[in-house]
Structure formats: C-alpha cells, structure tokens
Amino acid sequence: AHARLPLAQTWPAARVARYRAAGYWRGETLPGLLRARAEAHPDDLAVIGGEVRLTYAQLWQYAGRIGAGLLARGLRPGDRVVVQLGNTADFIAVVFGLFRAGLIPVYALPAHRFTEVSHVLDKAQANAYIASAQYEGFDYRTLARELQAARPALQHVLISGDGEEFTSVASLDGDTATLPPDPDPQSVAFLQLSGGSTGLSKLIPRTHDDYLYSVRASNEICAINRSTVYMVALPAAHNFPMSSPGFLGALYAGARVVLSAGPGPDVAFPLIAREQVTCVGLVPPLALLWAQAAPTSAHDLSSLKVMQVGGAKLVPEAARRVVDGLGCQLQQVFGMAEGLVNYTRLHDAEDIVLGTQGRPISPDDEVLVLDDHGHPVAPGEVGHLLTRGPYTIGAYHNDPGANARSFTEDGFYRTGDRVQQLPGGYLVVQGRAGDHINRAGEKISAEEIEDHLLAHSAVFDAAVVSIPDPYLGERSCAFVIAQGEAPTAAQLKAWVRGRGVAAFKVPDQVVFVPAFGTTAVGKISRRELRAQLRDHHLQQT
Ligand code: J2J
C-alpha cells in the first residue's frame, strides 16, 4: 500500500498563536461538543429526520455504536471515509460516529455519481464509503458495487437503510471503550468539497478549532439558541446548511435539527408547521419558490423567524419578493467551503439586507479587493476578492497545482469572486472572474464539462459558459463544433449524463456553431473565448 498523505492544518504558526490568543480557537472539538450537550440536556430532542427522532443522549449513543462498530470492522483512526447520505437522521449520526472514532468524513453530495465519487475517493485516499441505500430515486448500492469493482483500495462499504449484501449502518455495533480520546482541536476534522472552477472538486481540510469558531460566531450573528428549530432543506453535506449556522450551529446551541427530505414547499412546508421550524437556509431560486407558495399555503408557517439565503446572488428585487412573500426576517449569506462567510446582520437597515451579501463574521477576516494587476481598487470599485483569516484555509489537500493558482504567497485565498466593498465592510457580489457556472448554488466547472464533451468522437471542440437564467440565476450552455456525423443536442446531453456525473452538470442548452468566432482560436485564452461566445449569444437572443 502506498503511503497516505498526512492531513494538515494550513495556518502558519504566528497566526495560529494569534487566533488562539484572540479566543477564536478555543480547543473545542466536534465529538466534545456533542458529548457536552448530551451530558447537559440528555432528553432534549436533537435530530428529527423522517419518522426518526433522537434526543441528545440517543444521538450520542447511536454515534458511539457507529464509531465503535466501524473500528470493530477494521477501520483505523485517521482513515478517510467518503460519506454520501441524504437528509436523514443517519447523516448526523454517521458523521458524529466518525468524529468519535477519529475517522475523517469526506463529504460527497447526493447528486454525485461515479465520476465525482471515485475522484474524491482517490484524492482523499479513502478506504471506506457510507451511502444511503436509496435517495431521490437513485440506488447508491449500485454505485457502491461499481466503485468497489473499480477501486481495490475501497475496503469498506456501509449502507444506511437496507444494505443488501453490504453491512447496514443500523447493524453496526462495538465496544465504546475502543473509541479513541477526543482529537487534537487543531487537527483536520473532515474534508469538505470545493465548488471547483477548474476540473473536479478540490478537498478542503477544516480543523475542529477553525470550523467551530465559524459555527459559534455564526450562532451569535444568527441568534441561534436552545429554542431554535433549524431546518436542513439543502443537501446536508453542503457547507451552508452544515455550518452557516447550519445543523452544527443548532447542535452547538443544544437546539433541534429538522432534516427535510427535499427542498421544495411540498415537503418542507408541512414539516415547518409540524415541527415549528424557526430558521432555514436556502439558495435564491428556492427562496423565491417558497415566497411564491407561502401566501396561499394551507400550512402554518408563522413559526419561521429567519430565512437565510445564499450560495448564489440574490438580486435586490428578488430579495424584496422573499421578504414580502414570507413575512420573516431575511438574512443574506455569502460564504464558501474554503472559509470566509459574510452575513447581513439581523438588525441591519433594509437597504443593507436587500442590497448586499453581508459582511465577514470575524474582525480578523482580512479582505482584499484587487484589480487585475493585484493592486487595491479605489473604495467602492469592483475588484477580485481575496481573503485570509481564522477559519479560511491556506491550502487544499493533495493539490499543489490548485494551491499555486488559488493562494497567494502570503496565504490569501483567491475566491474567484468579483465584489464591491461598501462602508462598514459590506460586500456586494458582482459576478465571478473564474469559469464556473453557479447553477442555483450548484457550482459547475466549465472545463470539467468541456472535457466530457470532447471525449465524444463527433465533438471537434466545445466551450461551456454560463447564461443568465430567470429562475436558476445561471444556466449552462455548451457551444459545440461538431465533426463527422453531427450529433443532436439530446444525444450530447445523454452522453454527458452517461459519463457518470451529477445531473446538475449536464448542459442545460447545447448550441452548435461552425466555428468559434473570427478571432484566431489558440491566440486567446479559453476564458476569453468563453466570454466572447457568451456575449455574442446574448446579443443575438
Ligand atoms: C453570490 N455568490 C455567492 C451569495 C456563495 C454559506 C453560504 C454559501 C456557501 C457556498 C457556503 C453567495 N451571493 N450570497 O459555503 O458556508 C458563491 C461565490 C462563492 C461560492 C462558494 C456557506 N454565496 N456564493 O455557496 O463553496 O461564488 O459555498 O465563492 O458551495 O458560491 O460556493 P460553496
């Protein structure tokens, strides 16, 4: 077996010392936080998912059984485990089981398929995979079989639900005395996935200390307390519903987490009424859908106090419709799995809440807004956002190429976002410099999809761009130069889907062109080419 790359926190020693001295990093750990809540309020409800209701004591015990059961099956602390679970109570029990056993979750989205999951398994050097039996009409046991056949390093597969030939999560058991002591608070707790503008997802190593600082500070900003009922409506593996303030914020506060099996009003509204949900985070298209459905809904939504909206830009007119339709407090959230999270504050003036994406969590979040040459822009001008701080990583795991592109020498993360900074530090997102499509909060790398298209023998060249979309915010459009017998748009979409990628990555639109414009291709960058194609297309339509 080849040596596994160590997981390391990515802050230089001087900043580590500073963040500890400032009280941001307090030596808390994820297993430690759940233990403390289970001891303080054992009988309070912690998690509600479908028909499953777990108190803090029950969640703690179930997580212990899962963790000890995994160790009994031969996993070792430090092993990395790809987790692909739907929004069920098992999601939370499994990740805390992993934390208790010193195992490292690597979060895949339910939408991911063979291509993405196998990439993540390889990059993380994972030896285990835990998935739902079925979720949203897809059978992950089939995927598990394909992964096992293709990846000998994948030694352990566990299934939440009916495992068929695989071990089920519910059947795991072991002696909790075999669980290791709590981890070093500055060690890496899990690997989160990046949105990724070039190629496949990068792995983001987050530590107990840094992540829990962002969660604790988010709780304060979002007024999360023991009487909060937080709904996870987006996929639980997304950084937003996990930590901003997310289910971890709710558990940190000793509050209640309600997992919704789907993000639409049909599934979420009855749950809000039944469980008296007070807070939820959504992407803009869903927030608009909820705002449209709420006034005529038969369900009582009056318990809902705060709706967070983030993941993609909420334009002011849409923000106004959300406020009018739902009649609750709107909070804009502009965050990223790499770290930096901005919030509008609950008592901000209306023009700030409707017109900005908030300001950073921490006084020690350093924000730079730079022009194309790396010089600070004049105050209020649009520029590239770079950031570093007490919960923003300084490097991806196992990816020197991406690190050279994405981080400056002094440790600033190049977010790829173009922003304007207003007085008070409020940021207005003005688009992206990078080549990804933000499709309703799901990030799609243009390059990744171009590679799949180019693998088709009838595709001579392809360029994938984002097109403004009234509902999704952005949709993907593939410009294709065909060769030989021209395929149809439907055939190319089916081809991309057949490559084993998440459905949201299949181009929404395919436009066949004889050539890529008049500028000599090869002399301009792919980025300029994509921009030209997009602009030309938008002028014509
Ligand atoms: C415009 N663009 C936004 C916003 C994210 C909280 C909230 C969201 C995420 C997230 C997150 C945006 N307006 N309000 O991790 O903790 C775009 C930016 C950003 C990228 C990050 C969280 N909120 N974005 O969306 O890692 O382009 O995190 O750089 O998935 O989403 O994507 P992701």
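Trainee: Which polar backbone atom lies 3.4 Å from an oxygen atom of the ligand, and to which residue does that backbone atom belong?

Mentor: The residue is Met336: one of its polar backbone atoms is 3.4 Å from an oxygen atom of the ligand. A polar contact here is a pair of N or O atoms within 3.5 Å; within protein, one must be able to donate a hydrogen and the other to accept it, and residues adjacent in sequence count only if both atoms are side-chain atoms. The model is predicted, so local features need pLDDT of at least 70 and side-chain atom pairs count only at pLDDT 80 or more, while totals for chains, interfaces and linings use all residues. Residues are numbered from 1 along each chain as its sequence is written, and side-chain values use heavy atoms, with hydrogens and water left out.

Two or more residues of the shell are given by each of helix H8 (239-243), strand S16 (329-336) and strand S22 (427-432); helices (H or I, at least four residues) and strands (E, at least two) are DSSP runs, numbered from the N terminus. S16 supplies the largest share, four residues.

Among the 19 residues around the ligand, Ser244, Val333, Ala337, Asp417 and Lys443 come nearest (a residue is near if one of its heavy atoms lies within 4 Å).
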